[in-house]
Amino acid sequence: MCRSMMTMLMASMAMPEDVLMNEALIRDLEAVAKDTAVLLGVLMRTKETPNSSEVVCFAPFSLFPSPLPKVLFDQALAVQTNFNRLVDMISQDSKFLQEALASTIKVDDFTARLFNIYRHILQEGCSQPIAVGLNRSDYMLDRGTDGNTTLKQIEINTIAASFGGLSSRTPAVHRHILKVAGRLEERKMILDNNPAAGLAKALALAWKLYGSDRAVVMFLVEDCQINIYDHRYVENELWNRNIPVVRRRFEDVCKTGLLDQDKRLFVDGQEVALVYFRNGYMPQNYTEQSWEARLMMERSLAVKCPDIGTHLAGTKKVQQELARPGVLEKFFPDDPEAVAQMRATFAGLYTLDEGEEGDKTVAMALANPDQYVLKPQREGGGNNIYGADICQVLSGEKGSSDRTAYILMDKVHPQPVYNYLLRSGYPLKLSTCLSELGIFGAYVRQGTNMLLNECPGHLLRTKSSEYSDGGVAAGVAVLDNPILI
């Protein structure tokens, strides 16, 4: 890359060029950074031994914190409690969910299976009036053709929103790196951040409201538990409050789970006060027995985080429907300020439903595929479709209802910055990077009373610009911290 281009990008960097280009310093900081991450518990298990802690490795992270405009960071924080309220209202609005997902459930089997459980609960009646939501709203910064940068929501994760634990530890890592590098002013700019405590606070309140000291919080976890330490930080916050926690898989619930006559959930003979789903967000998480276990848990008296309605509220199709004119106003008829705050973060979102509007969307995408992202109803990273691949998918399904399994979104164009990304097994090099800001939300409702509605912290993830999609768990992005500019 030419020096003039690099100089232009450095203008938005937290670290000046003489630091980034100092090879001896970078080599020293690399060793310090990795050791510090291990010392401070920024850890993951290895792919080779995902269910053993005998061998662990530092979780991927950036060598330096990344710059972020303070005004946009503050905007994301300010709107989060409104998104919490919105998600909770959607989860209770069966008419909206049925209309929003009507086309999707005809062609997307996974969403249809989730919706069948939702329909079952509607018919049977909800057993538990306590609702707890832990979500994360993800944003990127879009640099417009006019040079202005705006905050654009990529998605809102309503199930298994991850890295609240590890992101509680990364500020200390970056503070130490900057101290060793002699960057004491930048060190002071690293924000305090402890999402784990705030997420646990909501879980603890829901557990208390359940009303049984003997009942446990059950983390429903994956078979492959590489990211266990992220869970453990939240889990230990609960133990510190003398709240018992167990970790169980779908398989365990299938084998030993049951409901008593009062619909209390028991797993391995222990009453479960709250099920915290850290699994169940992808089709491959389920067998037929797992689907039966999910239904049993949803029918039970246990508090669910999330319940099935909240899970569905986080689908991409719901996100697209919310962007339609007048929809937010139906949920916030007396709060135009909240509507304006949320709508200001929306990127362009377009339906692919059958009919004239969907046909127009297809034509628009085929004409300029590089301006859009095609998004299926999936979580977990690495699922989105870009560029020429959009043409391949939509051309093949141009006259087919299968296209309704997707939505189309404007592609966000963030300004890249330079950083070093530390990943096990990869050589360290200066990379052109893009960052994504996540804002955690936590709320607890009992009946119609919202008892807690907070924003417990943030998450910054950074990846090389050579990758279009994928998160930390997918092996593409790394953990980061913002320096506000």
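This is a predicted model: local features need pLDDT of at least 70, side-chain atom pairs count only at pLDDT 80 or more; totals for chains, interfaces and linings use all residues.
1. The crossing in which H10 passes H11 is right-handed. On the H10 side, the contact is made by Ala196, Ala197, Leu199, Ala200, Leu203 and Ala204, and on the H11 side by Tyr233, Val234, Glu237 and Leu238. By class, this contact of H10 with H11 comprises nine nonpolar residues, no polar residue and one charged residue.

2. A further pair consists of helix H3 (residues 23-39) and helix H8 (residues 170-180), whose axes come within 10 Å and cross at roughly 150°. That angle makes H3 roughly antiparallel to H8, since angles over 145 degrees are counted in that way. H3 passes H8 in a right-handed crossing. From H3, the residues Leu29, Val32, Ala33, Thr36 and Ala37 meet Val173, His176, Ile177 and Val180 of H8. Seven nonpolar and two polar residues make up the contact of H3 with H8, with no charged residue.

3. The axes of helix H5 (residues 94-101) and H7 come within 12 Å, with a crossing angle of roughly 155°. H5 and H7 are therefore roughly antiparallel to each other. The crossing of H5 past H7 is left-handed. Ser94, Leu97, Gln98 and Leu101 of H5 make the contact with Thr111, Phe115, Tyr118 and Leu122 of H7. The contact of H5 with H7 divides into five nonpolar and three polar residues, and none is charged.

4. Attention now turns to the open space. The second largest pocket holds about 310 Å³ of space. Its lining has 17 residues, and the closest to the centre of the pocket are Ser91, Gln92, Ile121, Cys126 and Asp307. Helix H4 (70-92), helix H7 (109-124), strand E5 (130-143) and helix H14 (308-313) each contribute at least two residues to the lining of this second largest pocket. H7 provides the largest share of that lining, namely three residues. In the lining of the second largest pocket, eight residues are nonpolar, five are polar and four are charged.

5. The volume of the largest cavity is about 110 Å³. Of the 15 residues that line the largest cavity, His311, Gly314, Thr315, Gln377 and Glu379 lie nearest its centre. H7 and strand E6 (149-157) are the elements that give two or more residues to the lining of the largest cavity. The largest share of this lining, three residues, comes from H7. The classes in the lining of the largest cavity are five nonpolar, seven polar and three charged residues.

6. The second largest cavity contains about 70 Å³ of space. Residues lining this second largest cavity include Phe83, Leu86, Val87, Ile90, Gln153, Ile156, Ala313 and Thr315. Val318, Gln319, Leu322 and Phe346 are also among the residues that line the second largest cavity. H4, E6 and helix H15 (316-322) each supply at least two residues of the lining, and H4 gives the most, with four residues. The lining of the second largest cavity has nine nonpolar and three polar residues, but no charged residues.

7. Two features of the backbone deserve mention. Most residues other than glycine have a negative phi, and most peptide bonds are trans. The peptide bond from cysteine 305 to proline 306 is cis, with omega near 5°. Proline 306 is placed in the loop between strand E12 (303-305) and H14. Alanine 160, a residue other than glycine, has a positive phi, near 55°. The position of alanine 160 is in the loop between E6 and H8.

Conventions. Residues are numbered from 1 along each chain as its sequence is written. Side-chain values use heavy atoms; hydrogens and water are left out. On a 1 Å grid over the protein atoms alone, a cavity is a set of points where a 1.4 Å probe fits but cannot get out, and a pocket is an open set with protein on both sides within 12 Å along at least five of seven lines; lining residues have an atom within 4 Å of a point. Grid points are joined across faces, edges and corners, and a volume is the space filled by probe spheres set on the points. Ala, Val, Leu, Ile, Met, Phe, Trp, Tyr, Cys and Pro count as nonpolar, Asp, Glu, Lys and Arg as charged, and the others, Gly among them, as polar. Axes are lines fitted to C-alpha atoms, for helices over the stretch in contact, and angles run from 0 to 180 degrees between N-to-C directions. Angles under 35 degrees count as roughly parallel, over 145 as roughly antiparallel, 65 to 115 as roughly perpendicular and the rest as oblique. A crossing is left-handed if the near helix is turned anticlockwise from the far one by less than a right angle, and right-handed if clockwise. Contact means heavy atoms within 4.5 Å.
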